[in-house]
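The following dialogue shows how the features of a two-chain model may be read. Each answer gives the general idea and then the case at hand.

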Amino acid sequence: MTPAFLYALIGSALFALGLYGLIVHAHLLRKILALNVMGSGVFLVLGGLAGRTPQGAPDPVPHAMVITGIVVAVAATALALVLMLRVRATTGRTVLPDGRGN
Amino acid sequence: MSNKTAKLKTDEDERFAPFLRLLTALLVSGVAAGLAYAVLSLPHVATGLNDAVGDRLALSGVDHPVTAVLLNFRGYDTLLEMVVLLLVLVGVWSLSVAPSEHEAEAGAVLDYLVRFLVPLMILIAAYLLWVGAHAPGGAFQAGAVMSAAGVLLVLSGRRLPGSLAGWPLRLTLVAGVAVFTAVAAGVMSTGASLLEYPSQWAGVLILLIEATATLSIGATLAALFLGGRPEDGP
């Protein structure tokens, strides 16, 4: 087990953990946090697997993609948080209505 | 479920019933096992695009492969990423106004610390920007440090004065995308295609793009932290 694969496996586990949180919890803040955990898992997979090169220096393309991804994830989280606050201001609750008048 | 427990339930408690949670956990474990299998079935040694980047690094204008990929070989990604940041800010500003109430006055220690830290952080951001040409660093790392300085200022009760919250702020926010687009389109006048820097100018152009991008990223992320458009703005 090389470190590259260890990172990638931990990234996969983080992704699954985030997916579980996203499905199980109804509270929007928890969903946003879960999405961020999933995103971190994806970044860990990309960053880890880039290190499989024989000469030691990691593949720069996945690393550049991770930098791009982190910035987009931060920005998307900010937008999601503002949307969540709007949902709370409008409905008085921090969960999405489930379509059954609840 | 009786009415009594329903009343006590808050949004935080709202989640699946235990049996459904167990089922979800099993399904998600299946996903995790599938992902692990996919990861482990990859070849254990792969050069990826390392050689392709290394061969052309001399033409890129910088010495660090990640910066070369970000600003030159895959410059389109980075340009659109800056646009995403700007779009998110437009979305946030359309949805809400920054709360006007200030935090409690910063104590003397925090106030002194912020006065000491913010110039240091600007210096670190400038260093990260410069070092990005040949070592880990670059516009996004520098922008993140700049935005952290902005967040520190906000948390210690400081706000942009009204005279700066209008056009000067907006110009700073769009400068990154504007300069990037201008350079991307400007090189076309020399006969190159979009974002194809002439290699003797590439280093200078990348530094120009990165410097304005750092300012814009820092300002955008700090503005996102405020959670809405400044009230004094037009």
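A: A residue is buried if 20 or more other C-beta atoms lie within 10 Å of its own, exposed if 12 or fewer, and partly exposed in between, with C-beta atoms placed from the backbone. Ser147(B) is buried because 23 other C-beta atoms lie within 10 Å.

Q: What kind of model is this, and how are its residues and chains labelled?
A: This is a predicted model, in which local features need pLDDT of at least 70 and side-chain atom pairs count only at pLDDT 80 or more, while totals for chains, interfaces and linings use all residues. Residues are numbered from 1 along each chain as its sequence is written, and chains are lettered from A and ligands numbered from 1 in the order in which they are written.

Q: In which helix is Ser147(B) found, and with which residues is Ser147(B) in contact?
A: Helices (H or I, at least four residues) and strands (E, at least two) are DSSP runs, numbered from the N terminus. Two residues are in contact if their C-beta atoms, placed from the backbone, lie within 7 Å. Ser147(B) belongs to helix α7 (residues 139-155) of chain B. Apart from neighbours within four places in sequence, Ser147(B) is in contact with Ile217(B), Gly218(B), Leu221(B) and Ala222(B). By comparison, Leu49(B) is 98 residues from Ser147(B) along the chain, and their C-alpha atoms are separated by 32 Å.

Q: Why do Ala25(B) and Val174(B) count as partly exposed?
A: The neighbour count decides the class. Ala25(B), in helix α2 (residues 18-40) of chain B, is partly exposed because it has 15 C-beta neighbours inside 10 Å. Val174(B), in helix α9 of chain B, is partly exposed because it has 17 such neighbours inside 10 Å. As for distances, Ala25(B) and Glu12(B) are 13 residues apart in sequence and 19 Å apart in space, C-alpha to C-alpha. Val174(B) and Ala219(B) are 45 residues apart along the chain, with their C-alpha atoms separated by 9.7 Å.

Q: At what angle do α9 and α10 of chain B pack, and is their crossing left-handed or right-handed?
A: Axes are lines fitted to C-alpha atoms, for helices over the stretch in contact, and angles run from 0 to 180 degrees between N-to-C directions. A crossing is left-handed if the near helix is turned anticlockwise from the far one by less than a right angle, and right-handed if clockwise. Helix α9 (residues 167-186) and helix α10 (residues 202-226) of chain B pack at about 145°, with their axes 8 Å apart, and their crossing is left-handed. Residues making the contact include Leu169(B), Gly176(B) and Val183(B) of α9(B), and Leu205(B), Thr212(B) and Ala223(B) of α10(B). For classes, Ala, Val, Leu, Ile, Met, Phe, Trp, Tyr, Cys and Pro count as nonpolar, Asp, Glu, Lys and Arg as charged, and the others, Gly among them, as polar. This helix contact has 14 nonpolar, 5 polar and no charged residues.

Q: Where is the kink in α9(B) centred, and what covers the buried residues of α9(B)?
A: The bend at a residue is the angle between axes fitted to the seven residues ending there and the seven starting there. In α9(B) there is a kink of about 45°, centred on Ala175(B). The buried residues of this helix are Leu173(B), Gly176(B), Val177(B), Val179(B) and Phe180(B), and their cover includes α5 (75-95) and α10 of chain B.

Q: How many residues of each chain are in contact with the other?
A: In this model, 43 residues of chain A are in contact with 43 residues of chain B. On the side of chain A that touches chain B, α1 (3-24), α2 (28-49) and α3 (60-91) each supply at least two residues, and α3(A) gives the most, with 17 residues. That side has 31 nonpolar, 8 polar and 4 charged residues.

Q: What radius of gyration does each chain have?
A: The radius of gyration is taken over C-alpha atoms, and the globule rule is 2.2 Å times the number of residues to the power 0.38. Chain A, with 3 helices and 0 strands, has 17 Å, whereas a compact globule of 102 residues would have a value near 13 Å. Chain B, with 10 helices and 0 strands, has 24 Å, whereas a compact globule of 234 residues would have a value near 17 Å.
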